[in-house]
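Please examine the sequence and the structure shown below. A written report accompanies them.

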Amino acid sequence: MIEITTTRHNPLVDPVLSVWSWEIPVYLFFGGMIAGMMILAGINMLKLAKGERAESFYSVQTPLLGFILMNLGMGALFLDLAHKLYVYRVYMAFEPHSPMSWGSWVLLLVYPVILVSALIRLPQAWPWLGERAPVLQRLSDAIVASPGKVKLLGILNIGLGIGLGIYTGILLSTMVARPLWNSAILGPLFLVSGLSAAAAMVHLTASLVPGHPAPRSFLGGAFAMLVQPLGERPPEPRTADGLVKADLAFLAVELVLIGLLFIGLASSSASHVAAIDLLTSGKYATIFWWVVIVAGILVPLALQWLELGHRIPHTILPALLVLAGGFALRWVMVGAGQASHMIAATGM
Amino acid sequence: MEQLSRRRFLKISAATVGAGAVGSQIPVVSSLAMGSKPPAGKVETIPTYCEMCFWKCGGIAHVRDGKLWKFEGNPLDPMSRGRLCPRGTGAPGTHYDPDRLSKPLIRAGERGKEEFKAVTWDEALNYVADKFKKIAAEHGPESIALWKHGTGARFFEHVMRAYGCVNKAAPSFAQCRGPRDIGYLLTYGTGLGSPEPTDIANTKCLVLIGTHLGENMHNTQVQEFAQAVANKATIIVVDPRYSVAASKAKYWLPVKPGTDMALVLAWMNVLVSEGLYDKEFVAKHGHGFDKFAAAIKDNTPEWAEAETGIPAATIRATAREMAKARPAALVHPGRRVNWYGDDAQRQRATALLNALLGNWGRKGGLYLQAGMKVAGYPFPKFPEAGKPKVDNVDERWPFADEEVTTGLREATITGKPYPIKGWVVYASNLIQTLPNEKETIEAINKLDLLVVVETHPSEIAGYADVILPDTSFIERHDDLYVGWGRQGWTALRQPTVAPPGEQKPAWWIAKELANRLGVGQYMPFKDMDEYLAARCEKSGIDYAKLRKEGILMGPKTPITVEEGAEISFDTPSKKVEFWSDQLAKRGFDAVPKYTAPEKAPDGFFRLITGRAPVHTFSRTQTNLYLRDLMKENEVWVNAETAAKAGLKHGQYVKLKNQDGVVSNRVKVKATQRIRPDTLYMVYGFGHTNRMLKSAYLMGASASQLNTRYKVDPLMGGTSIHQNFVTFVKEA
Amino acid sequence: MPRFGMVIDTLKCVGCMDCVVACQTENDVPFGHCRDWIVTETRGEFPNLSLEIRSERCNHCDNPPCVTCCPTGASHVEGFGKTVQVTAEKCIGCKACLAACPYGARFVHPDGYADKCTFCLHRVKEGKDPACVSVCPTHCMVFGDLDDPKSAVSQLLKSRKHHTILPEAGTKPRVFYLT
């Protein structure tokens, strides 16, 4: 029997660490989703650069969707900062051992890549702007006309996307003090979860956002998947199936990674074992089991499986569930992870 | 205590309540907030002696840019030795306390409803003086009594005596150390006073009976206790609770509450029957030893085991440990020892135990206190007293050598031998200090005038007709403190910073009152500077130096036999009275006898109380720093007892005593650290005066539950541990 | 260059919290916050018990995770005494260091930056002990240079049994507890 008392009573730290509230999960969620979108877009850009008919991959993102989501995420991140006036300090230094410093600089690179990628379709998606700013049209044309540039852009999207996606997990996993996060699986898990969220988001916007008539040009169709709702409405079945297939794979991998995370923690120290309890039987258990696992992964897996077999029609329900599950995963991991703490070998 | 985690059978709790609440309720003093930047500013240091408690350590106030910054120990001071306790260190938290009394107040509503209007000092003092005169005219000045605690009362006592008010009382006698001083007085011919002359630093065996040093922050003694621990002295702790001191002990004796006397008698039985006592000391200085030995013949360890729950073998082993270490073996006399109503006799028993160890005037035992001579101020002689005091008529408590508080309270209620119509209460929260608050309120209702002089709106202030806001010790002058210890010393109290509001120092209030009562000639000095300078000059003390250094040490004289001191005893027999003829003559037990405590009714537990290191009585609960560390008390419940009662660690519960009195809600500390039949609380919490905003209804008041009390027939002490309580779960 | 550390004798410590109050007044720690605190750990069952009382604070680790995770360099190892310090003007208040510290030693100052024990470097530079050390009525704390074999801290660690908190975190804490 051990009784421990402490007189410490610092706000946000006691009785359990709760320095990060909704802002960080929102930031991690959008960050992961954008990472996924960039990877998906990058893959298609590479196909395109090789001359494949990548236009068939239907995308309904507006040119600035990524930019807008990015700003939402960064806005949430900014709201979380306690010393806001000093935020510029993060770009006055590069700390090679700090994942957050890496992340900050990656984010700084992500922005121009997203904007340049958007630029490609901006003049057409937003003809009004294209007519008034011919320079945008010229820049857009210059990229589109050069497979090398498209390839480079694709590589940049994929590279930064992977970096961004993994970073959101690594940021947490490097903290030895928080046993629940203390797993290298967290990076890949957040990356795959980001990919599934990206596929869901693309699917969702394709279905919900009123699109322009699909452009006739080769390039217009090709880039539609990246930047604007320029596809056919409703999406052609092949495209929809492609997204669903991808999502099935992402969700399946995500489930495996969560399983591996648990196995890893369960076979580790007492602190890590106790950390699992926080998810599976503690305060966060209900949301973890019902929202993250059942509603966020199992149900969409089942629904999309049936959709692929054309036994039920395509709906936006799986996409909505995947997005909810993706956010819940981050919310639960951030909350429970903070609550998890090291237990002294001697029994503290 | 806040629960952190219950996983893996672990309990993690916080001694203060959770997080956000604390931060959001207490304003951040941003002018003080420097964060990780090092403090900066122009710093001035002013020495003064502390009165966060009664220990009166020397300290040095650091005033930065005109604002009180911190309070540190004065290295010249023999009490603090340069290190204050948390309350002293937290003194700035009292200075800045937003709940302090700031303006003189006169009652505006019904008495006790805590409705007041702010008035000027002139109005308040004139009001008090007019009432004094009216009571004096109708009943005589003796009908106005003074209740006092601490240094600041000094001039109230003086001025009121000059006016003819002979009645006074201090709870520090009958509600605290009185039984001990009488027990020692009867045995050795001298009480022990403060600080107790315990040579803990050099002892080889220290016995603490209920004394919880470390939680009970008697600074010097705690410092020496740590030394004793470091010296690997054998420590024996008798306490129903696993106190901090118990955790440092070689022997923890979790005695059944109320049976301490049996244990002490059995210890003496072992020392005598095994011939382990100091025969030389007893032969030379003892009186009536044979009769004593015969009287305790049957108090064997086996007999005591049945009473105390302590195995006879442990009783023998601990007695032998003491004998092995004597004369450097010390049974701490304790301080707040008014537990069961037979306390003077129990204290006499511990005095006799010390005598058997032959530690009087010995290194590692009880040293002989040394003082220093400081001249008084040449005051005019007081007028003859008109009537005798009312508190101890016909020597009802024959061995009380100070006024008995409950005697004064009773006289106020009965009006006998003559009416008491006015109370002046200085820094003494009578509602929490005296037993059975009902009787105190009954007495208050008989009064024509209740004046409360206080720094904080205590419960008694809520009943006042007039509240006079005193400055805190760190803002005022007081009389010199001439200390008795290993070496005498004189300490100066002087203002270090201006009071934050309209508060006035106690001496000024008393002087102004004297002027209005026509006894101004008894306060014949302009201010305290003049008074102190005069005393110093008369005593050959360099006042300027004292102002700069705060402490002046007296001459070094021998205080132990080892140093060459002579010992003598001022009892009727001029010896240590193992057998007390004066007790026998008055019909009391000449040798202490044991009476078994009453059993708790089914489902009830005995409630015992003690102190926390960060609070003093009911005075410091709103101190910004100290409140931050402990804003409410807890009730300690044995973990199994709690489980049986369906109580969880950290939940709130109310306590109901045998008389049906229900406490405010208090948090349960379910712990292994207490006997299953006993509950424990730190007293001084559960404030009911709304003006004490940050402490209002925080925790439960132990004294509120003290409705059943026994009065010590020797000296009038009132018990605090004679109540049984049960749990009332909150809906 | 010294490498400062602290040695605390749990046998002497009575948990009076004087170190906490002294730190608060010395460093103007805002009310409701603390840079050091008291932990009590009771083991056993009535009446066979043991109790360890510890005055805890930032461990000024040799391998400080709070410094590693800091994106701006606000949390850093100060040259003087190799102590872990925070430069308020560089801190963005991201709170990663609060999450990264296994000891919960940090908090967010109401002004927005991460705050914690400084080992009272401003006092140490004047040749004084940290406030908590110099106030302690039990003299249970000793501060000094761990790299100097003659220092009191080194001597105590050589002669007495001791432990640190959560050594398994790999942080190499520099506050040692004598038992």
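The report below describes confidence, fold, interfaces and salt bridges in turn.

## Model and confidence

The structure is a predicted model. Chain A has an average pLDDT of 84, and 84% of its residues score at least 70. Over residues 56–60 of chain A, however, the pLDDT is below 50, although this stretch has 29 contacts in the model beyond near neighbours in sequence. A further stretch of chain A, residues 214–232, also stays under 50, and the model gives it 77 contacts beyond four places in sequence. Where pLDDT is low, the predicted coordinates should not be read in detail.

## Chain A: fold and surface

Chain A contains 12 helices and one strand. Along the sequence, the pattern begins with β and continues with α elements. Of the 348 residues in chain A, 57% count as buried. Among contacts in chain A with a separation of 6 or more, 79% join residues 24 or more positions apart.

Chain A exposes about 13700 Å², and carbon and sulfur atoms supply 73% of this area. A nonpolar surface patch of about 370 Å² is formed by A:Phe78, A:Val87, A:Tyr88 and A:Met92. A:Phe78 counts as partly exposed because its relative accessibility is 35%, a value between the limits of 20% and 50%.

## Interface of chain C and chain A

The contact between these chains involves 48 residues from chain C and 42 residues from chain A. About 3700 Å² is buried between them, with carbon and sulfur atoms giving 60% of that area. On the chain C side, C:Ile92, C:Lys95 and C:Ala99 lose the most area to chain A, together 16% of what that side buries.

One salt bridge is found across the interface of chain C and chain A. A:Asp80 forms a salt bridge with C:Lys95, with the closest N and O atoms 2.9 Å apart.

## Interface of chain B and chain C

Here 53 residues of chain B are in contact with 49 residues of chain C. The buried area is about 4100 Å², of which carbon and sulfur atoms give 63%.

Three salt bridges are counted between chain B and chain C. B:Lys70 and C:Glu26 meet through their side chains in a salt bridge, at 2.5 Å from N to O.

## Salt bridges within chain B

Over all chains, the structure holds 66 salt bridges. One of them joins the side chains of B:Arg362 and B:Glu562, at 3.0 Å from N to O. This pair links distant parts of the chain, 200 residues apart: B:Arg362 lies in the loop between helix H14 (343–356) and helix H15 (405–414), and B:Glu562 in the loop between strand S20 (551–553) and strand S21 (576–577). B:Arg362 is partly exposed at 23% relative accessibility, and B:Glu562 is partly exposed at 41%.

The side chains of B:Lys389 and B:Glu403 form a salt bridge at 2.6 Å, N to O. Both residues are in the loop between H14 and H15 of chain B, 14 residues apart. B:Lys389 is partly exposed, with a relative accessible area of 38%, whereas B:Glu403 is buried, at 11%. B:Asp589 and B:Lys593 also meet in a salt bridge, at 3.8 Å from N to O. B:Asp589 is partly exposed at 32%, while B:Lys593 is exposed at 55%. Finally, a network of salt bridges links B:Arg177, B:Arg180, B:Asp181, B:Glu196, B:Arg335 and B:Glu402.

Notes: Residues numbered from 1 in each chain as written. Chains lettered and ligands numbered in written order. Predicted model: local features only at pLDDT ≥ 70, side-chain atom pairs only at ≥ 80, totals over all residues. Heavy atoms only, no water. pLDDT = per-residue confidence, 0-100. Contact = heavy atoms within 4.5 Å. Patch = residues over 30% accessible without salt bridge, like charges linked within 9 Å, V, L, I, M, F, W, Y side chains within 5 Å. Areas by Shrake-Rupley, 256 points an atom, 1.4 Å probe, with all protein chains shown as cover. Salt bridge = Lys/Arg side-chain N within 4 Å of Asp/Glu carboxyl O. Buried < 20%, exposed > 50% of the residue type's maximum accessible area, 1.4 Å probe, protein only. Buried area = accessible area lost by both parts, 1.4 Å probe. Helix = DSSP H or I, 4+ residues; strand = E, 2+ residues; numbered from the N terminus.
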